Amino acid sequence: MSRCEYIPANIAIAEGAMAAGLSFFAGYPITPASDLFEYLAEKLPERGGVVVQFEDEIGSINAVIGAAWAGAKAMTATSGPGFSLMVEGLGLAIMTETPLVLVDVMRAGPSTGVPTKTTQSDVYQVRFAAHGEYSVPVLVPWSAQEAFDLAVKAFNIAEALRTPVILLTDAALAHTWERVEIKGHDEIEIVKRRPPCNPPEKFKLYEPCKDLAPRMAYFGEGYGILVESLAHDEEGYYSPNTEAYERLVRRLVAKIERNSHLIADNEEYLTRGAEYVIYAYGSTARSAYAVVKELRREGLRVGLFRPRALWPFDAEGLKKATESAKKVFVVENNLGKMVREVERVLKNKEVIPINVIDLEVPPPDKISEEIRRWL
Amino acid sequence: MSAHPLDKYLVTKRLPHIWCPGCGIGVALAAILRAIDRRVREGALKPENLVMVTGIGCTARAAIYVSFDSAHTIHGRAIPFASGAKLANPKLEVMVLGGDGDIAGIGGNHLLHAARRNMDLTVFMITNMVYAMTGGQVAPTTPTGMYTTTTPKGNPETPVNVIKLVAYQGANYVARASTTHPALIERYTYRALGMEGFRFIEIISPCPEIFGRHIGFRDPVELYEEIKKKSKYKPKPSLEESDLDWERGWVLGEFIERNEPGYLKRIGRV
């Protein structure tokens, strides 16, 4: 049964994860993600789950991967400095095709930066920090309600595609209290992990189904599985030859990119026939939304395009939403990151970066001031 | 072809293994599998509940040869991966097998904390005193003064005493064996598999190709004999006798045996 609560995004994520069936959480304290961890430490064991604080973020992410292979729906949560330590584990999860959810609550970097305040400066880190060829879904909510909903969706994508999924929020959202409808386990769509369809002697752990994602057997089920971090063939055998390697990495990337319909999700506000479109995401999009309303009141045809998934980049969705636009403004709380993707996709349009660094959230007047210079 | 009694625990089509002639890792793995087989035949262990987790290195390759569930993960991280698996499904019998660099070097922090938690795992550390897979660099267990490719003038550091390190954190079982004494490996593994909490078995093992040859042992048998000579079994040795000393040799035996509640029991998961 659903219920409404007044909670911030960190707690909404914890609730969303539990609604999706979370059974294992490992973490290491870090501002501004610790209260998500503390909340689960209290709530998850009551539901039969396990919450453990590890010695560092490296231990946490690897424990989450191990738990996933023992059958758990598993998650960890951190912020930029902790994410840096989790990167090798993220690579392991990608290579071994381990379903898990990694929450990254952005703060201001580089290094220790400003732990308690926000920016959107880690949107490349979460997508590109690991070495090697890969693609990883990154979901980006703008409210506590969406944090709940996207936590559920993150688990569903992880299970459907046997992949780690990153849920990217920031320090402002993490602690902005809002009304959230917490749906019950029976009121949300839950995607289940696909079990083997062959007996153990015929089952191949990395053999893709039609949608390129493989089925999964756990430890303890009698399949004699090998979770392999080396480049491997469909059976999991190390294959240091070009053909097998290329087949593997092309599939690892295509598995995400070709299933982008499961991931891509955009909110469009007044983009139809708009002369100007603002591209904004996460907490910054809330101010961008206010700017759109302000400029509309003045009779300007402005719209908002807000992706709920940053990666894979939804080029078609953006092209469609900006068909009528003369200018596209990319508003970010960083020095210009997603704007490069927008420029790449909208080659023949004028794309203008609006980079407003603000340790709270870029306020609407700062954004509109920048945008007005181009109108 | 007539099957070896341990073939059922191996993916025989992946053999021959990558280990060099004279390497001790195969001897250690065989002894571990014999102990597992004894527990299985006694009905105390189910093969489908066995999980072997390894990191990276020569020893870590063992994961790819066993027929039961296994994971060949990343350098130093086998212990947290294994902890996660055990916590998620307490029925699993989770073992970690790794080299001294993997377990006590890059993975040293995880080792320390898993021992402190008395995490319900059996960890085997194969000590060959060198980073072998990468070509002979200094390890945390390399004897002081010894030549390695990254300490060409001799190792200036003191080797870590992992037996003491793990024992002082509260591990339930701490023993040292050697591949020159495979019966001890089998006996200690058999005992460890019947216990809860953190169990640690160090296994001294010759690396004739990368360690022995670099320090003047031209023949694998010479290094084997040297390690055999230096390894002295002692019933119930004290921690004070646990130093790994190339000049004076080392003691094999069971240093610690406790029956404290394992981590799963402490959090009410059993």
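Me: How many of the ten residues in helix H4 (residues 108-117) of chain B are buried?
Reply: This is a predicted model, with local features needing pLDDT of at least 70, side-chain atom pairs pLDDT 80 or more, and totals for chains, interfaces and linings using all residues. Residues are numbered from 1 along each chain as written, chains are lettered from A and ligands numbered from 1 in written order, and side-chain values use heavy atoms, without hydrogens or water. Helices (H or I, at least four residues) and strands (E, at least two) are DSSP runs, numbered from the N terminus. H4(B) is mostly covered, and its buried count (under 20% relative accessible area with a 1.4 Å probe, protein chains only; exposed is over 50%, partly exposed in between) is seven.

Me: Where is Ser111(A) found, and is Ser111(A) exposed or buried?
Reply: Ser111(A) sits in the loop between S5 and H5 of chain A. Ser111(A) is not a glycine either, and has a positive phi of about 55 degrees. Its relative accessibility is 64%, so Ser111(A) counts as exposed.

Me: What is omega for the cis peptide bond from Leu15(B) to Pro16(B)?
Reply: Pro16(B) lies in the segment before helix H1 (25-41) of chain B. The bond from Leu15(B) to Pro16(B) is cis, with omega near 5 degrees.

Me: How many residues does the largest nonpolar core have?
Reply: A nonpolar core is a set of buried Ala, Val, Leu, Ile, Met, Phe, Trp, Tyr and Cys residues joined through side-chain atoms within 4.5 Å. Phe24(A), Phe219(A), Tyr279(A), Leu310(A), Phe198(B) and Phe200(B) have the most contacts inside the largest one. Helix H4 (residues 80-96) of chain A gives the most to this core, with seven residues. The core's size is 97 residues.

Me: Which residues is Phe198(B) in contact with, leaving aside neighbours within four places in sequence?
Reply: Contact means heavy atoms within 4.5 Å. Phe198(B) is among the residues with the most contacts inside the largest core. Its partners are Leu111(B), Ala114(B), Ala115(B), Asn118(B), Met119(B), Leu121(B), Val123(B), Val166(B), Ala171(B), Asn172(B) and Tyr173(B).

Me: Is Leu300(A) partly exposed or buried?
Reply: Leu300(A) is in the loop between helix H9 (282-297) and strand S12 (302-307) of chain A. Beyond its neighbours within four places in sequence, Leu300(A) touches Tyr276(A), Leu295(A) and Leu375(A). With a relative accessible area of 25%, Leu300(A) is partly exposed.
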